[in-house]
Amino acid sequence: MNRPEVAQLLTLASLVDNRSVTDEVCLMWHRLVGHVDYDVAAEALQAHFAGSTEYLLPAHITAYARAARQAALPSTMSPAAPDACERGAHRRLPDGTCLYCTDREATDA
């Protein structure tokens with residue numbers, strides 16, 4: 001998201017929780033959630049307000065984005081660690097896949 005999109009997202013949030021949307025607030029939110037696509041962040045905002053009474057924080061947006069990204073990944077990991085996992089447990093990489101299950105090099109992590 002760019003800063004105008006962050007401002008738009010926070011303006012939408014303010015319609016629900018009456019938050020103050022200032023340039024400083026937008027700048028900090030941009031630093032924290034600017035890496036998230038606007039459409040994903042808007043979905044997160046909608047899901048949050050539809051199911052929670054908590055005050056919306058950047059962590060809510062990033063948690064939703066992370067869960068959506070992992071849900072969209074192809075199924076490369078089994079619920080139980082397969083034999084390929086040396087330590088008997090999955091080692092998740094930033095993209096949500098397992099270092100051992102995908103036979104990647106540790107330098108990819």
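Reader: Which way does α3 pass α4, in a left-handed or right-handed crossing?
Author: Right-handed, going by this predicted model.

Reader: And what's the angle between those two?
Author: About 110°, with the axes of α3 and α4 9 Å apart. For orientation, α3 covers residues 38–51 and α4 covers residues 58–72.

Reader: So would you call α3 and α4 roughly parallel or roughly perpendicular?
Author: Roughly perpendicular, because angles from 65 to 115 degrees count that way and α3 and α4 pack at about 110°.

Reader: Which residues meet there?
Author: On the α3 side you've got Val-40, Ala-41, Glu-43, Ala-44, Leu-45, Ala-47 and His-48. They meet His-60, Ile-61, Tyr-64 and Ala-65 in α4.

Reader: How do the residues of that contact divide into nonpolar, polar and charged?
Author: Eight are nonpolar, two are polar and one is charged.

Reader: Switching topic: how many helices and strands are in the chain?
Author: Four helices and zero strands. Read along the sequence, that gives α-α-α-α.

Reader: What share of the residues is buried?
Author: 29% of the 109 residues in the chain.

Reader: And what about the accessible surface, how much is there?
Author: It comes to about 7000 Å² for the chain, and 52% of that belongs to carbon and sulfur atoms.

Reader: Last one: among contacts between residues at least 6 apart in sequence, what share joins residues at least 24 apart?
Author: In this chain, 42% of them do.

Conventions
Residues numbered from 1 in each chain as written. Predicted model: local features only at pLDDT ≥ 70, side-chain atom pairs only at ≥ 80, totals over all residues. Heavy atoms only, no water. Axes fitted to C-alpha atoms, helices over the stretch in contact; angles between N-to-C directions. Parallel < 35°, antiparallel > 145°, perpendicular 65-115°, else oblique. Left-handed = near helix turned anticlockwise from the far one by under 90°. Contact = heavy atoms within 4.5 Å. Nonpolar A, V, L, I, M, F, W, Y, C, P; charged D, E, K, R; others polar. Buried < 20%, exposed > 50% of the residue type's maximum accessible area, 1.4 Å probe, protein only. Areas by Shrake-Rupley, 256 points an atom, 1.4 Å probe, with all protein chains shown as cover.
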